[in-house]
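Thanks for coming. I will go through one model today, starting with a helix and then moving to the cores and the salt bridges.

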Amino acid sequence: MSKTWLKIALPLVVLGVGIGLGQVVGQSGHKEKDKEKVDTRPIVSVRAVNSESHQVKIVGHGAVTPVEKTMLSAQVAGEILKWHPNFVAGGLVKSGEVLVEIDPVPYQAALLRAESSLSAANSKLVEEKGRADVAKIEAKTLPDAKVTDLYLRKPQLMSAMADVKSAQASVKAAQNDLNNTKVVAPYDALVINRTIGRGQYASPGMSIGEIYNIEKAEVSFPIAGFDRSFLPTQLAGKSAQISTEGNFSYTRQAVISRDSGRIDSDTRMSHLVVEINDPYSLKSDQPKVMFGSYVQVSFDGAPLNNVFRLSQDLVSNRKVWIIDEDNKLRVNKVEVVREEGEIYLIGSGLNENDKIVTTVPEYPQVGMEVRVAGTEAMEKDKKSDESQVVSPAAAQNVTNG
């Protein structure tokens, strides 16, 4: 009985196992068919670019120096009586202030003598004019042959006039010597040093001290060759700014004064000079610009129109990677017209709204098809929406049913 049952059941078990294996194989086959293909295109990031206008900034560095330096010296001899309290190293003095005074008494006496001589010469001139007038009247009664220049006292009159002029010159010289007993600041100045003291005897030409003009200061700074082509046409009088860095930084206005007019044979650079009014702020409350300070000078150069701004890491050997309408890589050769910091200004080689590749694949090839980062999620959403859309025919069948 049991053998008969085994003969009947065994074929049924084998048949069931076969059917099960067939279903498993069939299901796995369907899964392989239903499995989506893997997209091997590299993902890149892009950025659309547009042209713009750019104001070029010319930047240079240089030291602040005085426009004018003066070595003061005595013009007359004499004892030093006093000097200005600010006439010391680092002192500031204003134009017209008396810095040093030399004993004026000998020169006052010389002026009085010169004035006395002038009075005497004027007196003699008046006397000679009177005699000449008398001789002219008497000459009317004499024959013309007897009327000579000597008779009319013309030589005496000319001599008296010459004596007056000589006396006037002596007065001027004496007055000038007296004036020179006071050494006056010719301009607002910074005192660099003083070389005399009270009681010291000064002689003509003796050094008294040195001063720097602080009505204006100047900064001479080099201009590199690549900046010269961006200089404005009119330089003189153009506004500029000077500034310093650090904890006590400041900015002051300046004016371009001149171009040096030559190119240095060693550095191959030319130099521009800017001027700063009232650097030591005697007439304002602006920050003081001290001589010797190292400052940055900046001013507007020539503007650039229709240029593209790209960071330097996007440009390699004057070439830029972009993607076309088919999302394929392409290389554009560009013209770099200027470099500013980490930015390249591109003049040609790009068009409006070109898509610059900002993350280039590891092994990029021209014509390589890529995917743009951020569009993958959009494509999935689009496919999901399409799967939920019912075709017009199917919609009609559903309605009829």
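The expected span of a helix is 1.5 Å times one less than its number of residues. For the 26 residues of α3 that gives 38 Å, and the end C-alpha atoms are 38 Å apart, so the two agree.

A word on the source: this is a predicted model, in which local features need pLDDT of at least 70 and side-chain atom pairs count only at pLDDT 80 or more, while totals for chains, interfaces and linings use all residues. Residues are numbered from 1 along each chain as its sequence is written, and side-chain values use heavy atoms, with hydrogens and water left out.

Which residues of α3 are buried? They are Ala160, Val164, Ala167, Val171, Ala174 and Leu178. Buried here means under 20% relative accessible area, exposed means over 50%, and partly exposed is in between, with a 1.4 Å probe and protein chains only. The buried residues of α3 pack against α2 and β8 (182–184), a contact being heavy atoms within 4.5 Å.

Next, the cores. A nonpolar core is a set of buried Ala, Val, Leu, Ile, Met, Phe, Trp, Tyr and Cys residues joined through side-chain atoms within 4.5 Å. The largest has 31 residues, and Phe87, Leu99, Val100, Ile208 and Ile211 have the most contacts inside it. Elements giving two or more residues to this core are β7 (98–102), α2 (105–139), α3 (154–179), β9 (189–194) and β11 (207–213). A second, separate core has 30 residues, including Ile223, Leu235, Ala240 and Tyr280.

Last, salt bridges: a side-chain nitrogen of Lys or Arg within 4 Å of a carboxyl oxygen of Asp or Glu. By that rule there are 13. In one of them, Glu369 pairs with Arg41, with the closest N and O atoms 3.3 Å apart. Glu369 is in the loop between β21 (355–357) and β22 (371–372) and Arg41 in the loop between α1 (2–34) and β1 (43–44), so the pair ties together parts 328 residues apart in sequence. Glu369 is partly exposed at 38% relative accessibility, and Arg41 is partly exposed at 23%.

Another bridge joins Glu218 and Arg258, at 3.4 Å between the closest N and O atoms. Glu218 sits in strand β12 (residues 216–223) and Arg258 in strand β14 (residues 251–263), so this pair links parts 40 residues apart in sequence. Glu218 is buried at 14%, whereas Arg258 is partly exposed at 38%.

Technical notes:
Helices (H or I, at least four residues) and strands (E, at least two) are DSSP runs, numbered from the N terminus.
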